[in-house]
Amino acid sequence: VKVLQDAQLRFPAETGITFELGALLDRQKKFSESEAVFRQLIAKEPRNAAALNYLGYMLAERGERLTESVDYIKRALAVDPDNGSYLDSIGWAYFKDGKLDLAVDHLKRAADLLTSNSLVQDHYADVLFRLGRFDDAISAWNRALTGDLDSIERGDIDKKIRNARQKLPKK
């Protein structure tokens, strides 16, 4: 953090440094500090889609200020409307807000674009499960297990698959 803060002072025009600082603070669970850094970056570059999405997703992931979260992500999508990560973010924010009808379409588009992204497939499966589409959820979770495995726990996905199988009609 100190190195990035020093670099930020030395190279104030390099917004990538500010982005990395915000992301590092988030990973260290220093959420209010991270949020402040991203707000500073967005104030400097209001169309920085990566920063808008990061802040929106960070809020959604914590289930906080979901309307604000969606607004940030919508701004990111206005800059880059076909970005699978941003589509996942907005779908996840809607999911966290219980707006499954809005979540499923965005998460499907994200899952179709990012077929090997395990986290995106997991998010899509979660909404499918909540909609009672258990076979489709199991398929998406299986794609998660054959994807990049980044940001997921295999045991958690296996447990979700077992739970979904128990919900299927008995043959």
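**Pockets and core: worked exercises**

About 200 Å³ of space lies in the second largest pocket. This is a predicted model, where local features need pLDDT of at least 70, side-chain atom pairs count only at pLDDT 80 or more, and totals for chains, interfaces and linings use all residues. Residues are numbered from 1 along each chain as its sequence is written, and side-chain values use heavy atoms, with hydrogens and water left out.

**Exercise 1.** Work out which residues lie closest to the centre of the second largest pocket.

*Solution.* Start with the term: a pocket is an open set of points on a 1 Å grid over the protein atoms alone, where a 1.4 Å probe fits, with protein on both sides within 12 Å along at least five of seven lines; lining residues have an atom within 4 Å of a point. Next, go to the lining: 13 residues, with L119, D122, S151, I152 and K160 closest to the centre. Then sort by class: 5 are nonpolar, 2 polar and 6 charged.

**Exercise 2.** Find how much space the largest pocket holds, and what lines it.

*Solution.* The volume comes to about 610 Å³. Split by class, you get 9 nonpolar, 5 polar and 8 charged residues.

**Exercise 3.** Pick out the contacts of L55 beyond its sequence neighbours.

*Solution.* Count heavy atoms within 4.5 Å as contact. Skip neighbours within four places in sequence, and L55 touches E35, F38, R39, I42 and Y72.

How values were computed
Points joined across faces, edges and corners; volume = space filled by probe spheres on them. Nonpolar A, V, L, I, M, F, W, Y, C, P; charged D, E, K, R; others polar.
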